[in-house]
Amino acid sequence: MALMTSTDVLKINNSEELVGLIEDVVQEIPEINFFAASPVQKNSYKTLALTALPSTSFRATGSYREFQTATLATKTVECKYLDASWILEKAVAQQSDWGEDFAKALTQRAHLKSEFFTLAKQIWQGTDSDANGFTGLDAIIDAVTDGDVKEMVVTANAGAITDASTVYAVRTGIDSCQLAWGSNGQFNESDVREQLLTSKDSSKTSGAWFYAQDLGGWVGLQVTSKYAAAKITGLSATNTKQGLNDDLLYELIEKFPVGMKPDGLFMSRRSFAQLRQSRTAYNPIGAPAPYVQEFEGIPIYVTDAIPDNGTISA
């Protein structure tokens, strides 16, 4: 059964024009078309999360076996309001040779693209990206521990660095992680209207006429398994031995239990280049390695939503 994406969900209760714009702007944001998505009626709701796998076995007839069931925990998913509302000064719109409608459409498109890029950053970085958004996978992965050990983390470099990047391996779906669109996936999409915006100090009032539109929706990240994602942290460019390579990716994939293969690998452009460069050394004639599209059958996605300037203390 094919998974619904955010675009599929937003088609349900939104205008054809808005959905067309969304389909256009998300082409350069791989997270939006990768992560499964569901519409949810409430903007805050409870779900179950798998915290330990069950065990099963063969049983001889007439005998018994010990039951060890899956361990489930109740989780609360909070959708947060992602605001892409915009204003455009009328005088600026009138400067366009293609007309004011073109200027308004260009502005709306730019704000929608920024909105979905903000969502992509929130998926990974969470409140480190925007304190008003939902918790991201980076913190969720760190919280999966066995004593003092982070079970789903591979550390590329434990030293102090200021140019750290991360690679994520992710499973997506209702049994792992997906995006949840609150209010049944319905955006607030007002008509574009003319509005006088003013400011006033002690001596005078000033202002100008603008076009304005209320635009935004409720979205959250639903994680229902401790094995939904893993990461390589501490990737650096200051020492080539600290960059991404196949050995680190094998360690990353090993973090997942048998039968739980990741659906995608997400990395920055720099990590992607490091992976390709690491493979050149194995080429008998020293030629550049071919374009990297997958690792052990797992698709690779290059995203600008993962930064290369993280700070790690020794």
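1. The side chains of E28 and K113 form a salt bridge in this predicted model, with their closest N and O atoms 2.7 Å apart. A salt bridge here is a side-chain nitrogen of Lys or Arg within 4 Å of a carboxyl oxygen of Asp or Glu. E28 lies in the loop between α2 (16–25) and α3 (30–34), and K113 in helix α5, so the pair ties together parts that are 85 residues apart in sequence. Helices (H or I, at least four residues) and strands (E, at least two) are DSSP runs, numbered from the N terminus. E28 is exposed, at 59% relative accessibility, whereas K113 is partly exposed at 26%. Buried means under 20% relative accessible area, exposed over 50%, and partly exposed in between (1.4 Å probe, protein chains only).

2. The following conventions apply to the note. Residues are numbered from 1 along each chain as its sequence is written, and side-chain values use heavy atoms, with hydrogens and water left out. As the model is predicted, local features need pLDDT of at least 70 and side-chain atom pairs count only at pLDDT 80 or more, while totals for chains, interfaces and linings use all residues.

3. The structure holds 13 salt bridges. Another of them joins D142 and K231, at 3.0 Å from N to O. D142 is in helix α6 (residues 137–142) and K231 in strand β15 (residues 229–235), so this pair ties together parts that are 89 residues apart in sequence. K231 is buried, with a relative accessibility of 3%, and D142 is partly exposed at 24%. Both residues belong to a network of salt bridges that links D138, D142, K150 and K231.

4. R269, in helix α8 (residues 269–280), meets D304 in a salt bridge of 2.7 Å, N to O. D304 is placed in the loop between β18 (298–302) and β19 (310–312), and R269 in helix α8, so the pair ties together parts that are 35 residues apart in sequence. R269 is exposed, with a relative accessible area of 55%, and D304 is partly exposed at 46%. Leaving aside neighbours within four places in sequence, R269 is in contact (heavy atoms within 4.5 Å) with V302, T303 and D304. The C-alpha atoms of R269 and V302 are separated by 5.9 Å, although the two residues are 33 apart along the chain.

5. Helix α5 also holds K104. This lysine counts as buried, at 18% relative accessibility. When residues up to four places away in sequence are not counted, K104 touches W86, L88, V192 and Y211.

6. W98, F102 and L106 make a nonpolar surface patch of about 380 Å². Patches are made of residues with over 30% relative accessible area and no salt bridge; like charges are joined within 9 Å, and nonpolar side chains (Val, Leu, Ile, Met, Phe, Trp, Tyr) within 5 Å. W98 is located in the loop between α4 (90–93) and α5 (100–125), and it is exposed at 68% relative accessibility.

7. Most residues other than glycine have a negative phi. S183, however, has a positive phi near 55°, and the phi of N184 is also positive, at about 60°. S183 is partly exposed at 27% relative accessibility, and N184 is partly exposed with a relative accessible area of 32%.

8. E254 is in helix α7 (residues 246–254) and is exposed, at 65% relative accessibility. Its C-alpha atom is separated by 9.7 Å from that of A230, 24 residues away along the chain.

9. For the protein overall, the secondary structure comes to eight helices and 19 strands. The C-alpha trace spans about 80 × 60 × 40 Å along its principal axes. Of the 314 residues, 42% are buried. Among contacts between residues at least 6 apart in sequence, 77% join residues at least 24 apart.

10. The accessible surface (Shrake-Rupley method, 1.4 Å probe; for residues, only the protein chains shown count as cover) comes to about 17200 Å², of which 50% belongs to carbon and sulfur atoms. There are 26 positive and 38 negative side chains, and the centres of the two sets lie 4 Å apart. Lys and Arg count as positive and Asp and Glu as negative, with His and the chain ends not counted. Each charge is placed at NZ of Lys, CZ of Arg, CG of Asp or CD of Glu.
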